[in-house]
Amino acid sequence: MEIFLILNFYFIISLIFCDILKKKYLLFKSYSILDIYLYLVLYTVVLLTIFSAFNFINEFHATLIILILIFFCFNLKKLKKINFEFFFKSLLILNFILIICIDKEFIWWDEFSSWGLRTKEILIHNSIFYDNVVTNLKKPSGSSLLHYIFLKYIGFNESIIIFSQFTVTILLLNSILDDFKIKKYPLINIIIFFLLIHFISFTFNYGLFSIYTGVITSILFLKIISILFIKDNNDLKKKAF
């Protein structure tokens, strides 16, 4: 129950923030709240990477919460105009994904010996710089920092690590699907979505509930290709976003 409360606090604050961005800035108008939430998570990882480079990872969450609260104070009128229908739909979707992942555990060797262990080391030391490193430092820490965002106030938890990557994967797939959307045939959209999941899952032999970075990296690359060359969007600002 504590895990659900902490993560729903994250969800609520994030979704309110996303809703305000959507209403306030023209750049975000064409995006759904979940799309903005996806980009918020990805750019938060980038920001945390910068903090970690200066060994300020332990101060990251407090700094981010203060900045968001300041943003809310300057947008009190927008807080009263939140689209509750889309807000609760998005909240339910995130909780549904959380419920799917809540009983998942690591099953692959590298999850125990590398990717998951690296997350545990960072969580224990609140830093990417520490002595007696067990994991391979040649592997990037990006996915571990993504896990750290959700684990800071929960502690090491395999289910939440899987949830953090699975959520990004699903939201990226949904965003890519939207780029190829055939509006007259919603059933085809659903079929394409699940075919994408099936293809990616079995091509990499890990499954979508694995924390191997091959799947999520490939989907990110596909999304970049989609934005740059497929999506009908001539706005360079949106492409950069």
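**Entry 1. Conventions and fold**

I took helices (H or I, at least four residues) and strands (E, at least two) as DSSP runs, numbered from the N terminus. I note that this is a predicted model, in which local features need pLDDT of at least 70 and side-chain atom pairs count only at pLDDT 80 or more, whereas totals for chains, interfaces and linings use all residues. Residues are numbered from 1 along each chain as its sequence is written, and side-chain values use heavy atoms, with hydrogens and water left out.

I looked up the secondary structure and found 11 helices and zero strands. Read from the N terminus, the elements run α-α-α-α-α-α-α-α-α-α-α.

I then turned to overall burial and surface. Of the 241 residues in the protein, 46% are buried; I use buried for under 20% relative accessible area, exposed for over 50%, and partly exposed for values in between (1.4 Å probe, protein chains only). The accessible surface comes to about 13,500 Å², and carbon and sulfur atoms hold 70% of that surface. These areas come from the Shrake-Rupley method with a 1.4 Å probe; for residues, only the protein chains shown count as cover.

I also checked the range of the contacts (heavy atoms within 4.5 Å). Among contacts with a separation of 6 or more, 70% join residues 24 or more positions apart.

**Entry 2. The nonpolar core**

Which residues have the most contacts inside the largest nonpolar core? I found Leu7, Phe11, Tyr37, Phe150 and Phe163, in a core of 63 residues. Two or more residues of this core come from each of helix H1 (2-24), H2, helix H3 (60-73), helix H5 (84-101), helix H6 (109-125), helix H7 (142-151), helix H8 (158-179) and helix H10 (213-230). H8 gives the largest share, 11 residues. For the term itself, a nonpolar core is a set of buried Ala, Val, Leu, Ile, Met, Phe, Trp, Tyr and Cys residues joined through side-chain atoms within 4.5 Å.

I followed leucine 7 further. Residues up to four places away in sequence aside, leucine 7 touches Leu98, Phe150, Ile154, Ile160 and Phe163.

Is serine 90 buried or exposed? Serine 90 lies in helix H5 and is buried, with a relative accessible area of 6%. Its contacts, with residues up to four places away in sequence left out, are Leu15, Ile33 and Leu34.

Asparagine 95 also has its place in helix H5. I read a relative accessible area of 15%, so asparagine 95 counts as buried.

**Entry 3. Salt bridges**

How many salt bridges does the structure hold? I found two, where a salt bridge is a side-chain nitrogen of Lys or Arg within 4 Å of a carboxyl oxygen of Asp or Glu.

One joins aspartate 19 and lysine 23, with the closest N and O atoms 2.7 Å apart. Both residues lie in helix H1, four residues apart, about one turn of the helix. Aspartate 19 is buried at 1% relative accessibility, while lysine 23 is partly exposed at 27%.

Glutamate 85 and lysine 89 form a salt bridge as well, the closest N and O atoms being 3.3 Å apart. They are separated by about one helical turn because they stand four residues apart in helix H5. Glutamate 85 is partly exposed, with 48% relative accessible area, and lysine 89 is partly exposed with 45%.

**Entry 4. Cysteines**

I searched for disulfides (a pair of cysteine sulfur atoms within 2.5 Å) and the count is zero. Cysteine 73 is exposed at 54% relative accessible area, whereas cysteine 101 is buried at 0%.

**Entry 5. Positive phi**

Most residues other than glycine have a negative phi. Asparagine 55 sits in the loop between H2 and H3 and is partly exposed at 40% relative accessible area.

Asparagine 126 has a positive phi near 50°. Its place is the loop between H6 and H7, and asparagine 126 is partly exposed at 22%.

**Entry 6. A nonpolar surface patch**

Which residues form the nonpolar patch on the surface? I list Tyr43, Val46, Leu47, Ile50, Phe54 and Phe56, with about 590 Å² of accessible area together. Patches are made of residues with over 30% relative accessible area and no salt bridge; like charges are joined within 9 Å, and nonpolar side chains (Val, Leu, Ile, Met, Phe, Trp, Tyr) within 5 Å. Valine 46 belongs to helix H2 (residues 33-53) and is partly exposed, at 45% relative accessible area.
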